[in-house]
Amino acid sequence: MKTSSFLLINILFFIVLNLSPRIQVNSQAAATDSCASSFDLGRQLLFKTTSLICRSVWDAQGFILRYEETSPKLWSFILSAPNTNSYIGMGFSSNGKMVGSSAIVGWRGADGGSMIKRYHLTGQKPKQVVPDQGNLQVVGTSSSLISLSGRLYITFQLNTSLPDNRILYSVGPAGRLPVRPGFQLAEHDQKVSTILDYASGESKTKGSSSSTLKKIHGILNMSGWGIILPIGAMVARYMKPWDPVWFYSHSLVQSLGFLFGVSGIICGFVLENRLGVDVDKHKSLGVIILTLGCLQVIAFLVRPEKESKVRKYWNWYHYSLGRVLIILAVANVFYGIHLGDAGSVWKASYAVVVCLLFVVAFILELRLWIRH
């Protein structure tokens, strides 16, 4: 078969922004407490504070942690953070995941009263964050929340041989404080996962690699399933006059999109295991899309000859499956952007790409109708 012309498709739809929204910490409030400054809460606590190990554990939010093993199986903690009219939390996790961890959360109410409570994080939804539950054995009346010089101080003691070293810190949305009777927590505005070496006091943030993996996961799936595959489908439908160039171009583009998409789904499984997040709907859609993609590959490998009587049924199957795959893929990309809290720029950028593809497809479809 002779090739009369060669079509070069070079599409660059790649808008990647480093979206890491942060609450700006009031510098004056943050400056009132540091590991280098003298430490005095101005009131008598149940444990001494002079020998506590002090570390800055979350610089972006001004979190400072002080702790020590006061006596065998007794640990004392003081968490300090700026008062931004939101709750602050410190969770203990055995595996670094939010789900399954237990936390101490404190806030200063609108009436000026202070509140500190234990929570058990059985899931990601607010109703699955259960107050007064969890495996933290807090000592009697050792827990308290103190407001001083624009900062909040959560103080508590734990009865344990060694607390979990995977520590989670969180900041709630400003102005949305837990209230009676349920004391339900609003979803955190910012969080970070760390590993604390109790012996040396070294605290390492574990969020950076997960954040990078999240972006890679999103970019691969957006590019593969959500952009390249629709382009490949357009090639197959509107380039038929250039036979066999359309066939090889279609096969090449779809193979590239499939490889990108499979890589993105693999990253998604790794990300889910690392973060312990509840994304069952997003994952289920991803598995369905992957299954449809695999069926398309199988259909390509076993396609009948053009002269075969069953070719028209194969064409119907191949076209229909492809359209369903693309619709689900686009929907799941938008849903993934929402779940990842990537922000309006990601969502708007992908929406622009989808609209451009739709406009091009509409124009080409119109031309196809006119010619026929």
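Is Lys73 buried or exposed in this structure? Lys73 is exposed, because its relative accessible area is 53%, and the word exposed is used here for residues over 50% relative accessible area, whereas buried means under 20% and partly exposed lies in between, with a 1.4 Å probe and protein chains only. The model is predicted, and for that reason local features need pLDDT of at least 70 and side-chain atom pairs count only at pLDDT 80 or more, while totals for chains, interfaces and linings use all residues. Residues are numbered from 1 along each chain as its sequence is written, and side-chain values use heavy atoms, with hydrogens and water left out.

## The protein as a whole

The secondary structure comes to 6 helices and 12 strands, where helices (H or I, at least four residues) and strands (E, at least two) are DSSP runs numbered from the N terminus. Of the 372 residues in the protein, 41% are buried. When contacts (heavy atoms within 4.5 Å) between residues at least 6 apart in sequence are considered, 64% of them join residues at least 24 apart.

## Salt bridges

A search of the whole structure finds 6 salt bridges, a salt bridge being a side-chain nitrogen of Lys or Arg within 4 Å of a carboxyl oxygen of Asp or Glu. The table gives some of these pairs.

| Pair | N to O distance |
|---|---|
| Asp33 and Arg66 | 2.8 Å |
| Lys117 and Asp132 | 3.0 Å |
| Lys306 and Asp243 | 3.8 Å |

The side chains of Asp33 and Arg66 meet in a salt bridge. This pair links distant parts of the chain, with Asp33 in the loop between helix H1 (27-31) and strand E1 (53-58) and Arg66 in strand E2, 33 residues apart. Both Asp33 and Arg66 are buried.

A salt bridge also joins the side chains of Lys117 and Asp132. Here Lys117 belongs to strand E6 (residues 114-121) and Asp132 to the loop between strand E7 (129-131) and strand E8 (144-148), so that distant parts of the chain, 15 residues apart, are linked. Lys117 is buried, with a relative accessible area of 12%, whereas Asp132 counts as partly exposed at 42% relative accessibility.

The side chains of Lys306 and Asp243 meet in a salt bridge as well. Lys306 lies in the loop between H4 and helix H5 (311-339) and Asp243 in the loop between helix H2 (207-238) and helix H3 (245-275), so the pair ties together parts that are 63 residues apart in sequence. Lys306 is exposed, with a relative accessible area of 56%, and Asp243 is partly exposed, with 34%. Salt bridges that share partners join Asp33, Arg66 and Arg151 into one network.

## A buried charge and a buried alanine

Glu68 is found in strand E2 (residues 63-71). Glu68 is buried yet has no salt bridge, and the nearest side chain of opposite charge, Lys48, is 8.7 Å away; in this count Lys and Arg are positive and Asp and Glu negative, while His and the chain ends are not counted. The side chain of Glu68 does make a polar contact with the side chain of Ser51 (2.8 Å), a polar contact being a pair of N or O atoms within 3.5 Å, of which, within protein, one must be able to donate a hydrogen and the other to accept it, and residues adjacent in sequence count only if both atoms are side-chain atoms.

Ala299 lies in helix H4 (residues 280-301) and is buried, with a relative accessible area of 3%. Leaving aside neighbours within four places in sequence, Ala299 is in contact with Trp314, Tyr317 and His318.

## Backbone details

Most residues other than glycine have a negative phi, and most peptide bonds are trans. Lys73, in the loop between E2 and strand E3 (74-82), has a positive phi near 65 degrees. The peptide bond from Arg180 to Pro181 is cis, with omega near 5 degrees, and the bond from Asp243 to Pro244 is also cis, with omega near 10 degrees.
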